[in-house]
Amino acid sequence: MALGGVGGSLYGEAMDAGIDVAGVKRSFGAVHAVQQVTFTALPGRVTGLVGPNGSGKTTLMLMLASLLRPDEGEMRIGGIDPVSDPAGARRLLGWMPDSLGAWPSLTSREVLVATAQLYDLSREDARARADHLLELVDLGALAASPARVLSRGQKQRLALARALVHGPRVLLLDEPASGLDPQARIALRVLLRRLAGEGRTILISSHVLSELEEVVDDAVFMVDGRTVGTDRVAAAATRVRVWRVRVAADLARSTESVRGDIAAALGRTAEEVRVDRRDVLVPFSDEAAAVAGLRSLVSAGLPIVEFAPAVGDLEHAFLDLRAEASPPTPDLPDGPAGPRDASPPGSWAPPAAHPVTDADRTDDGSTS
Amino acid sequence: MNLHRLRTIIGIELRQRVRSVGWYVLLGIFAVILVALLSLSFAAFSLTTGGSEWFFSLVILLVLLLTLLVSPTLSGSAVNGDRDAATLAPVQVTLVTTSEIVIGKFLAAWISGLAFLVVALPFLVVATLAGELNPGAIVTSLLILIIEVGVVAAIGVGLSAVIARPIFSVASTYLLVAALTVGTLIAFGLGGAALRTQTTTISRDVDWNAVPLGCDLSSPSTSPNCPSYDELPCVESSYVSEQPRFDRVWWILAANPFVILADATPPTYENGNPTDLFSQIAAGVRSAQLSPEETTSYDGCTLSRGLNVDDYPSTEERIAGTTPSWFVGLFFQLLLAGGLLAWGISRTKTPAKRLPPGTRIA
């Protein structure tokens, strides 16, 4: 992906425009899609919107994009209320929907030119802008192909280019990484970091938590249409967490005996640690305990080559919040769980270490 | 209303249409039907001399019929089709306003409908020349055709913004067009017949009973006692009947596109009688404005003796005092089209308060 300048706002305003949402609600008949959402996304930072399918992420995005009116609550995009002044908010924001929605038989270039013209760019400026953005998202070779025949990943990149067409200060990206190949994901990450570095506010929703983890500065968790308070997120992050321990491969020894060694070195029973393919999974109550554990393992002379959380920070917090939101049904996390071999909650953790049954959980179960 | 953005919306719409094969197939079928129609008409009307004006007006009416049949497909899924394809929301988040989107789509549908008139134009010209009609007829009928295509386009786009599913909005557009063409005719007929008034007809006739027995008026050599035909007395009789009141429902028919076309075209009369189909239809609709007289009298007695007291007025004379109905009908149609567009705009406004059931916004 060629990296040229993305260009500043076309409308000459200062860059510091954040997102403020307070107490927003929206129902569709009996379905309460968004029940209570409050958060702030700061300029210059990438904020991740994390939540299971049906938690109201897309509805929230639509309200922020000035397409849907909230039933209650206040929203501000760079200080502008998208409900009372949609045109003002639309100058500031770029929205990338979860599907491209391409006009039949318009080429990628024409899609961008037409969109730029709808943002009041002159025909010449719109053309120059389209060519620049096509290069930026590496679609230059497909500029003359109908947008409808692009692959999923190419459509995602075109949709991103379309969201950037007027140099928005606030970006709302709904699942931007889905369908992208690894190279395009890396390029997207670099691009998002650079856009944030220019002072833009980026709100990004994704199911691929490991992917999100590498790009976001802040995270907003949504469960059942509600944002989860930061205190609860912090609490979730400090709760029992499973660490992956890998011992240097030794064909002479089975993983079972390694498991016994590790349990012995940590002073635990073999039932408390579990085997996951070549690795051993050990629960620790917090980071200090993990440090102490690693020290004992090394002191015991075990050839440790890897010692890391089994799931990323976001994923850990997400799965934990989800598990407490719906204790009776340990349903599968939505979407691919990322490359870290994370399994659905309950499938790999030993009963004693499961967050739901753990004794040191602190929160009272209330939702904000 | 920003012209640059409006042009962009129209451009997006038209570019898609111009690049789709189906569009050319539709235009081709339209042309083939017109060729068939024209050649058949030439063959049929070559039987008789004259009457080619009737043929020309028939061709124009059929062009109107075909465009009315084609237009709903061009506009009936403009807004909800985009919503289904997820192309509406990305346009709505730009600076373009809802009015610009809906009106842009309406203008694009209108322009596409005019392409059918362009295809039909050579046939109209041939028909005019063959029919030796006055050029005013083709100019006015073309203008009315252009407006009618626009009215159907507005109805289609408006309904597509109000109704969630494209098939239902296309079907509703067809139903509304049917209501304007066939429905007005039925409502006019039934409405007129339902509102009846009593009228009395007084007729004066020769009193045949006054002929004495033995006299035969048909034979010239009868006895001198027998009276001649002219000497026979006259008797008056009256009977009561019920007459439909079309004068109370004529405005329903005024909204019919065919009536508008016929009535707006300058009429031609020969010896007080219409010489083409337009004038015939117009005369029929105009005379429907005349209320039936409470009493009509018929003096058969005087008439049969060759003493013409009162000439029957010709069609041209009878409708001389009536109002042209075409702009009443056109006004109604424009009101309907504009109202549906306005309703469509209000239903497509963002940020949306409520969504049509079953729609996805993105």
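1. How far apart do the end C-alpha atoms of residues 174-195 of chain B lie, and how much of the span is helix? They lie 29 Å apart, with 95% helix and 0% strand in the span. Helices here are DSSP runs of H or I with at least four residues, strands are E runs of at least two, and both are numbered from the N terminus.

2. The model is predicted: local features need pLDDT of at least 70 and side-chain atom pairs count only at pLDDT 80 or more, while totals for chains, interfaces and linings use all residues. Residues are numbered from 1 along each chain as its sequence is written, and chains are lettered from A and ligands numbered from 1 in the order in which they are written.

3. An unreviewed UniProt entry places "transmembrane region" features in chain B, including residues 107-130 and 174-195. Positions follow the numbering used here, feature names are shortened, and annotations may be inferred rather than shown by experiment. In the model, residues 107-130 of chain B are 100% helix and 0% strand, with end C-alpha atoms 34 Å apart.

4. Chain B gives 27 residues and chain A gives 30 residues to the contact between them (C-beta atoms, placed from the backbone, within 7 Å). On the side of chain B, α1 (3-18) and α5 (88-92) are the elements that give two or more residues. The largest share, seven residues, comes from α1(B).

5. That side of chain B divides into 14 nonpolar, nine polar and four charged residues. Nonpolar covers Ala, Val, Leu, Ile, Met, Phe, Trp, Tyr, Cys and Pro; charged covers Asp, Glu, Lys and Arg; the others, Gly among them, are polar.

Conventions. Contact = placed C-beta atoms within 7 Å.
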